[in-house]
Amino acid sequence: EQHREIKEACSEFESIFIYHLMKEMRASIPDGYLGKSMQSETYTSLFDIEIARRLSEQKGIGLADFLMQQLADRYNENTTEEITKF
């Protein structure tokens with residue numbers, strides 16, 4: 001149970017990280033290209049959150065795996081396999 005919670009927390013952290021990457025990439029697009037209305041910004045933000053979650057649930061970018069490995073190494077070397085198998 002605890003291992004599953006650790007994996008979920010790491011996955012959610014990765015999701016938030018991916019979301020902020022996407023947000024910054026969108027901020028680099030010139031204003032006139034996609035338009036900047038309140039509705040489009042809200043929709044884009046929700047879309048980016050969902051994409052980030054889906055990416056993290058699949059393979060992600062490796063950040064969640066890295067965090068799980070670091071946590072396992074730090075707290076108990078024997079739990080590395082248990083944490084990463086979920």
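The model is a predicted one, and the values below are computed from its atoms.

Helix α1, spanning residues 2-27, has 26 residues and reaches 38 Å from its first C-alpha to its last, which is close to the 38 Å expected at 1.5 Å a residue. The buried residues of α1 are His3, Cys10, Ser11, Glu14, Ser15, Ile18, Tyr19 and Met22. Among them, Ser15 has a relative accessible area of 5% and is therefore classed as buried, the limit being under 20%. The side chain of Ser15 reaches the backbone nitrogen of Arg53 at 3.5 Å, and, when residues up to four places away in sequence are not counted, Ser15 touches Ala52, Arg53 and Ser56.

The contact with Arg26 is made through the side chains of both residues, which meet in a salt bridge with an N to O distance of 2.8 Å. This pair links distant parts of the chain, since Arg26 belongs to helix α1 and Asp48 to helix α3, 22 residues apart. The two partners fall into separate accessibility classes: Arg26 is partly exposed, with a relative accessible area of 28%, whereas Asp48 is buried at 2%.

The count of salt bridges comes to two, and the other is formed by the side chains of Glu50 and Arg54, likewise at 2.8 Å from N to O. Here both residues lie in helix α3, four residues apart, or about one turn of the helix. Glu50, with a relative accessibility of 34%, counts as partly exposed.

The count of aromatic pairs comes to one. Tyr43 and Phe47 form this pair, which is stacked, with 6.2 Å from centre to centre and 20 degrees between the planes. Both residues lie in helix α3 (residues 38-57), where they are four residues apart, about one turn of the helix. Tyr43 is exposed, with a relative accessible area of 57%, while Phe47, at 37% relative accessibility, counts as partly exposed.

Notes: Residues are numbered from 1 along each chain as its sequence is written. This is a predicted model: local features need pLDDT of at least 70, side-chain atom pairs count only at pLDDT 80 or more; totals for chains, interfaces and linings use all residues. Side-chain values use heavy atoms; hydrogens and water are left out. Helices (H or I, at least four residues) and strands (E, at least two) are DSSP runs, numbered from the N terminus. Buried means under 20% relative accessible area, exposed over 50%, partly exposed in between (1.4 Å probe, protein chains only). A polar contact is a pair of N or O atoms within 3.5 Å; within protein, one must be able to donate a hydrogen and the other to accept it, and residues adjacent in sequence count only if both atoms are side-chain atoms. Contact means heavy atoms within 4.5 Å. The expected span of a helix is 1.5 Å times one less than its number of residues. Rings of Phe, Tyr and Trp (its six-membered ring) pair if their centres lie within 6.5 Å; planes under 30 degrees apart count as stacked, over 60 as edge-to-face and the rest as tilted. A salt bridge is a side-chain nitrogen of Lys or Arg within 4 Å of a carboxyl oxygen of Asp or Glu.
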